[in-house]
Amino acid sequence: MKKSIWLLLLIGIVAGFPAHAQQSDSTITGISRAFNPAISVNGLLYYMNSNLAEPSGVADDIEPGIHLQELELAVTSNVDAYLKADATISFTEKDVSVENIYLTTIQLPLYLQARIGKINVPFGIQNPMHTHVWPFIEPPLINEAIFGFEGWKDTGVAISWLAPLPWYFNLTAAGFNGGEETLFNSGHKGDMDGLVTVDNVIAIGNSSTLRLGGSYAWGPAAFEGDSILEPKNLDSQVWGADFQIKWRPPKLSRSRALVLQAEYLEHKYFSANQSISDPENGYYVMALAQVSRFFWLQGRYDSLRRPDYQLESDDDPRFQDRGSGAVAFVPTEFQAYKVQYSSLNLGGRTEQRVMVQVNFTIGSHPAHAY
Amino acid sequence: MNCKKIFGILLSVFLACAGFSTASAAKKLNVVATLPDLASLARAVGKDHVNVSSLALGVQDPHYLEAKPSYEITLSKADLLIYNGLQLEVGWLPLLVQDSRNPKIVAGAKGSLNASAALDRILEKPTGEIDRSMGDIHPEGNPHYLPDPRNGVKIARLIRDKLSELDPSNADDYKKNYAAFESMMNEKIRQWESQAASLKGMKVITYHKEWEYFADWLGLDITGNVEEKPGIPPGPQHKQWLIDKIKSDKIKIIMAANFDPSISTAEKLAADTGATLLILPGATGGEPGIDDYPQLFDYIIAKLLAAEGAGK
């Protein structure tokens with residue numbers, strides 16, 4: 001906790017620095033300030049109330065009461081004529097972590113782009129998103145079950161290729177360190193996991209786009225179940241498919257929009273190409289409607305099926321599903337308020353949650369992907 | 001399927017597409033402009049030697065474009081990117097340029113042209129400390145300079161020089177095309193100034209700070225904005241201030257661009273005060289029949305004169 005306070009103080013100093021930096025181009029040392037990186041801070045605060053005294057289910061990273069969900073310090077700048085660097089440090093009430101630190105090429109030919117460092121792994125639509133741009137306060141059940149609440153972030157190299165085709169066809173191949181705890185934690189240093197993703201986005205007139213994507217990741221892993229096998233003989237494999245339609249009429253581009261989105265994910269363990277576990281799978285479907293300049297109405301249904309080895313007791317439900325509804329008030333690009341209700345079916349019990357989230361950004365924050 | 005097979009298939013697709021790309025490369029320069037006015041200027045100078053496309057449509061608010069993947073495809077094939085600058089496109093263009101993977105158009109490359117470099121005067125450049133409590137202000141000054149046709153001529157000259165640099169074999173044509181455009185525009189500017197002489201000194205309210213350069217050119221007096229601060233809708237006190245201002249100054253016209261948000265606020269203000277709300281195209285293509293940059297001024301000035309005449 002003390003560490004967090006000192007780091008928060010440091011952020012305050014760093015974030016306040018550029019305002020003074022504008023007054024002169026260089027410091028007293030004669031070193032130029034003109035090349036300082038863009039710095040931004042995003043804050044997420046929430047209130048949660050549950051009908052259960054001990055909130056349960058997969059989504060237990062959100063606790064009752066008022067809390068800091070995340071404070072994100074983002075720094076970005078071109079390194080030189082060839083590389084851009086991005087760094088994101090995440091502070092929560094329990095932890096401080098380097099969420100991202102990576103280099104992106106800006107001069108590669110043949111429609112190629114390489115990224116090296118710790119990144120939000122580009123698996124599907126939800127996983128690469130930073131927390132403050134999630135459409136709902138909690139991630140979908142299946143994403144949280146497979147990748148964890150914050151999503152799958154890993155250190156490695158990703159090379160993507162934008163095919164010179166009439167529509168957007170982006171192919172990414174990546175190799176990661178295998179540090180992901182729930183997926184590729186083989187226990188053997190030096191093990192790598194791989195990822196291939198395909199992302200298609202087709203423009204339908206000037207108002208709409210259709211996105212169809214697929215992702216597949218694999219790597220050596222330690223099996224979580226009772227039958228402990230040697231990791232070198234065991235693979236963890238995840239695949240996903242995603243679909244999205246976005247509509248935003250150009251004439252009303254600031255007041256009307258509709259997003260329909262769905263993802264399916266499945267995770268299995270294999271040994272010698274034979275499945276040794278039930279699949280862990282699930283999906284979500286959601287609709288987001290911007291109904292005026294400042295208001296969004298949102299709904300999501302998500303479902304999760306868990307394998308035997310994850311069930312801790314007979315009461316532990318194999319199937320979980322949840323319905324969520326939210327109203328978002330977005331007065332400017334730099335602040336947003338969300339009120340969300342969700343009902344999580346845990347077999348014989350239902351957990352109902354009411355949540356309120358405050359989201360703000362200060363500083364120069366880079367644009368988010370479409 | 002093993003990894004070698006997957007890699008082989010991916011490599012084949014890659015090589016096939018790379019070959020397709022090279023073979024289908026057109027001889028014309030591919031010019032991508034962020035705004036339709038800039039695209040119109042590039043067409044006027046480049047004519048048959050260029051293929052020109054615009055990312056924003058004339059009916060779209062250029063501050064708030066989404067970084068659509070289809071724009072990345074367009075930019076990936078560009079030989080030249082022409083952008084407005086003064087941070088108008090800061091919310092979407094840097095990401096698009098990065099993800100287009102086109103080294104020709106990255107900042108500082110030959111194929112990246114900041115149109116605002118042509119200007120010799122930038123309005124409303126903030127002095128002193130600024131922050132977001134002042135609304136969506138642009139630290140480098142008001143970026144809505146294209147509604148002054150004199151700026152359009154300057155930018156066309158800049159485009160001429162850039163096209164000549166990228167495509168020296170057609171430099172003579174770019175020179176001729178620019179000369180013809182400049183001559184036509186100078187004639188039109190004289191004509192518009194003559195037509196709009198009666199507008200000089202006329203007090204108007206504008207929705208957003210997008211008509212400052214237009215007013216500066218024709219001598220209109222903008223006495224207030226519907227927005228309380230740039231990008232911030234009016235609160236009750238500001239609305240009352242506007243009503244009092246319109247009544248006390250006998251303001252007849254409220255100007256808005258057809259992509260401004262919350263136009264209903266301006267409509268109510270007009271209804272409460274008896275002023276005329278003119279919802280005008282903010283760019284080329286903003287209304288049917290406005291197919292190029294000069295036609296934009298034909299349309300706007302005709303509408304203003306009609307509203308002024310009706311208000312007398």
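Which residue of E4(B) stands opposite Leu81(B)? I looked this up before anything else. Ser112(B) is the residue in E4(B) that faces Leu81(B). I note here that the model is predicted.

**Entry: the sheet in chain B**

Strand E3 (residues 80–83) of chain B runs parallel to E4(B), and three bridges join the two. I then traced the whole sheet, which is open, has four strands in the order E2-E1-E3-E4 (chain B), and pairs in parallel. Strand E2 (50–54) and strand E4 (112–114) of chain B are at the edges; each has a single partner strand, so one side of each has no neighbour in the sheet.

Helix H2 (residues 36–46) of chain B lies across strand E1 (29–33), E2 and E3 of chain B, and runs at about 170° to E2(B).

**Entry: the core**

I picked Ala42(B) and listed its contacts. Leaving out residues up to four places away in sequence, Ala42(B) touches Val31(B), Ala33(B), Val50(B), Val52(B), Ile82(B) and Ile159(B). Ala42(B) is also one of the residues that touch the most other members of the largest nonpolar core, along with Val31(B), Val45(B), Ile82(B) and Ile254(B). That core has 82 residues. I wrote down the general rule beside it: in soluble globular proteins, nonpolar side chains tend to be buried together.

**Entry: two domains of chain B**

Where do the domain bounds of chain B fall? The domain assignment gives domain 1 (26–191) and domain 2 (197–311). Taken over C-alpha atoms, the centres of domain 1 and domain 2 of chain B are 25 Å apart. I counted the contact between them as 27 residues of domain 1 of chain B against 24 residues of domain 2 of chain B. On the domain 1 side, the elements that give two or more residues are H2, helix H5 (149–166) and helix H6 (171–195) of chain B. The residues of that side divide into twelve nonpolar, eight polar and seven charged.

**Entry: two residues with positive phi**

I looked up Arg101(B), which is not a glycine but has a positive phi of about 55°. Arg101(B) sits in the loop between helix H4 (93–99) and E4 of chain B. Is Arg101(B) buried or exposed? Arg101(B) is buried, because 23 other C-beta atoms lie within 10 Å and the cut-off for buried is 20 or more.

I then looked up Lys250(B), a residue other than glycine with a positive phi near 50°. Lys250(B) is in the loop between helix H8 (236–248) and strand E7 (253–257) of chain B. Lys250(B) counts as exposed, because it has 11 C-beta neighbours inside 10 Å and the cut-off for exposed is 12 or fewer.

**Entry: chain A against chain B**

I finished with the contact between the chains. How many residues does each chain give to it? Chain A gives 35 residues and chain B gives 33 residues. On the side of chain A that touches chain B, strand E5 (112–120), strand E6 (153–162), strand E7 (168–176) and strand E8 (193–204) of chain A each supply at least two residues. The residues of this side of chain A divide into 23 nonpolar, seven polar and five charged.

Note on methods. Residues numbered from 1 in each chain as written. Chains lettered and ligands numbered in written order. Predicted model: local features only at pLDDT ≥ 70, side-chain atom pairs only at ≥ 80, totals over all residues. Contact = placed C-beta atoms within 7 Å. Nonpolar A, V, L, I, M, F, W, Y, C, P; charged D, E, K, R; others polar. Pairing = 2+ DSSP bridges. Axes fitted to C-alpha atoms, helices over the stretch in contact; angles between N-to-C directions. Domains from an automatic or database assignment. Core = buried A, V, L, I, M, F, W, Y, C linked by C-beta atoms within 7 Å.
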